[in-house]
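The sequence and structure are shown first, and the description follows.

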Amino acid sequence: MGGDPNSPDDKCPAVYVDPETGDFYFQGKTVKDPVLLAEISRHSPIGADETVVCLASRMKAIIAEAAAGTYEAGRVGHGPVSIRDMIRGARYSAVHLETRDTYDPTHPAFQDFLNGGPGRYDRSGWTETVRAAVERGVRIRRARVISEPVSDYIRWEHMITDENVAAGEEVRWLPRRRAFDLLLPGSDFWMFDGRVVCFNFNAGSGEDTGEEEFSIEPDLVTRCVATFEQVWERAIPHTQYQPR
């Protein structure tokens, strides 16, 4: 129902109120100072399943509003988080599993490629996000499971992947024939820091439907970790793979 207006990304810290139960949820920086944690524990022991977060004093009006219930009904936050937002917030890893042979066949750059053009377009928004994350220590890996002979779309995608690699992504390709005994998910997914998975969905023609499903359910995340690592182990590094 409210976020810190002075936060760099205008996303965090924040206060949430469950509209059905009235329960409060606080999003903020995790407190790691051992002296401060010891002082807090002296007043109220911190359970094994509990964490302490810090919200700036400038948020007291928002917290008071949440406690009093005086905010307008239906107030929501800044909208759905994007993959770029998740990468910006990742601490050490982001991995992406792609399993389709065609995504958006109407993309102007792809159509240009089919017509003999360079097939390039401005991807600086993505590459700058990746480069910034890699520079602060986030490892970004992308694995693509593809059919052979490859589709025109994959041939184009392979051609422009040099930009992903130049930005700092690690990219590998796994021919589907070499993945026949792997249990792959029903959709592509992103996973962040080995704890949050985001499934993204495509129409039959390949276009992104805009639908996403996030989960932090431990068993599901564990299965996704295992799936990605199995694919990654078998896949061929981008510089060594030649589409056929």
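The model described here is predicted.

Glu 98 lies in strand β6. Its side chain has a polar contact of 3.4 Å with the side chain of His 96, and another, of 2.9 Å, with the side chain of Arg 144. Glu 98 is buried, because its relative accessible area is 5% and the limit for a buried residue is under 20%.

Leaving aside neighbours within four places in sequence, the residues in contact with Glu 98 are Tyr 103, Arg 142, Ala 143, Arg 144, Val 145, Glu 157 and Asp 188.

Strand β6, residues 93-98, is joined to β9 by four bridges, and the two run antiparallel. Within this pairing, Ala 94 has Phe 192 as its bridge partner. Strand β9 also pairs with β10 in the antiparallel sense, over five bridges; here the partner of Phe 192 is Val 196.

## Two hairpins

Strands β9 and β10 form a hairpin with three residues between them, and Asp 193 in the turn has a positive phi of about 55°.

A hairpin is also formed by β10 and β11, with five residues between the strands. In that turn, Gly 206 has a positive phi of about 115°. Strand β10 comprises residues 196-202 and strand β11 residues 208-215; they run antiparallel and are joined by five bridges. Asn 200 of this pairing stands opposite Glu 212 in β11.

## Cysteines

How many disulfides does the structure hold? There are zero. The sulfur of Cys 198 is 11 Å from the closest cysteine sulfur, that of Cys 224, and this is too far for a bond because a disulfide requires two cysteine sulfur atoms within 2.5 Å. Cys 224 is likewise in no disulfide, its nearest cysteine sulfur being that of Cys 198.

Are these cysteines buried or exposed? Cys 198 is buried, with a relative accessible area of 0%, and Cys 224 is buried, with a value of 5%.

Note on methods. Residues numbered from 1 in each chain as written. Predicted model: local features only at pLDDT ≥ 70, side-chain atom pairs only at ≥ 80, totals over all residues. Heavy atoms only, no water. Pairing = 2+ DSSP bridges. Buried < 20%, exposed > 50% of the residue type's maximum accessible area, 1.4 Å probe, protein only. Polar contact = N/O pair within 3.5 Å; in protein donor to acceptor, adjacent residues only side chain to side chain. Contact = heavy atoms within 4.5 Å.
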